[in-house]
Amino acid sequence: MGKLVLYGIEASPPVRTVLLTLNALDLPYEFVAVDLFAQGNKSEEYLKINPTGTVPALLDDGQAISDSHAISAYLASKYGKDDSLYPKDLVKRSVVDHRLYFDAGVAFERALRGTTKPILFNNETNVPQQKINNIAEVYDIVNKLLQNHPYVAGDNLTIADFSLITSISSLQAYLESDVAKYPNLVAWIKRLEQLPYYEKANGNGVKQLIELIKSKNITIVS
Ligand SMILES: N[C@@H](CCC(=O)N[C@@H](CS)C(=O)NCC(=O)O)C(=O)O
């Protein structure tokens, strides 16, 4: 097995997705901190590993892989004892991929990063109501995905759950998911919180990110 080095910061949701995958697969790894506030992700050295300058990035025996969704799919495919986290069956895989792309484009990028980046990096304190509506829309969609199944892509835990839980647990900083409105979503969050590695891989980082966001004293404006 190769030597795995994960670059990132624990507060970052996509970094936590990879931490969940690494822990689920029981893989040893080295963690290298990249300080986003000191532009560590824009250094020449880091851009050689991930040209988009975002965290996470992974080195597997020197081979660079970027984007949490791609990294998780790679790790599960290469090191999974079976294919349950990322199915080989093409139809089942397409369902997992759908949820991964939904996270990449909508839950993480539009709802979470679209709201958080101006607050943490541009000192913005006003959050337009429209952004909160985007978050509610994500909760509504994921609640629907969970209507007949315990996990977002069906009856088994997959890497799609890891991607969406890191975004959705972080989005609670702006909008707490109401059990009356989103019962399946809230039950799923509780289900994932039971994973033995949850606190270590996601819980700690979520707390750090939510505390950081709350320290900025944001106001929701219509
Ligand atoms: N789709 C990417 C998103 C990665 C991403 O946007 N990471 C953020 C931290 S949460 C980042 O590196 N931001 C720094 C920047 O944009 O300069 C993934 O899943 O890995």
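Trainee: Why does Asn123 count as exposed?

Mentor: Exposed means over 50% relative accessible area, buried under 20%, and partly exposed in between, with a 1.4 Å probe and protein chains only. Asn123 has 66% relative accessibility, so Asn123 counts as exposed. Please note that this is a predicted model, in which local features need pLDDT of at least 70, side-chain atom pairs count only at pLDDT 80 or more, and totals for chains, interfaces and linings use all residues. Residues are numbered from 1 along each chain as its sequence is written, and side-chain values use heavy atoms, with hydrogens and water left out.

Trainee: Where is Asn123, and what is its phi?

Mentor: Asn123 lies in the loop between H4 and strand E5 (126-128); helices (H or I, at least four residues) and strands (E, at least two) are DSSP runs, numbered from the N terminus. Its phi is near 55°, a positive value in a residue other than glycine. Most residues other than glycine have a negative phi.

Trainee: What makes E3 and E4 a pair of strands?

Mentor: Two strands pair if DSSP finds at least two bridges between them. Strand E3 (residues 57-60) and strand E4 (residues 63-66) are joined by four bridges and run antiparallel, so they meet that condition. Leu59 stands opposite Ala64 in E4. The two strands form a hairpin with two residues between them, and Asp61 in the turn has a positive phi of about 50°.

Trainee: Is Asp61 buried or exposed?

Mentor: Asp61 counts as exposed, because its relative accessibility is 59%.

Trainee: What is the peptide bond between Val55 and Pro56, cis or trans?

Mentor: That bond is cis, with omega of about 10°. Pro56 is placed in the loop between helix H2 (44-49) and E3.

Trainee: Why does Ser163 count as buried?

Mentor: Its relative accessibility is 0%, so Ser163 counts as buried. Ser163 belongs to helix H6 (residues 159-171). Contact means heavy atoms within 4.5 Å; leaving aside neighbours within four places in sequence, Ser163 is in contact with Thr17, His69, Leu100 and Asp103.

Trainee: Which residues touch the most other members of the largest nonpolar core?

Mentor: A nonpolar core is a set of buried Ala, Val, Leu, Ile, Met, Phe, Trp, Tyr and Cys residues joined through side-chain atoms within 4.5 Å. Of the 69 residues in the largest one, Leu75, Val142, Ile159, Ile168, Tyr174 and Trp188 touch the most other members. Helix H4 (residues 90-121) supplies the largest share, nine residues.

Trainee: Why is this core said to lie between domain 1 and domain 2?

Mentor: Domain 1 (4-79) and domain 2 (90-221) both give residues to the core, so it lies between them. The bounds come from an automatic or database domain assignment.
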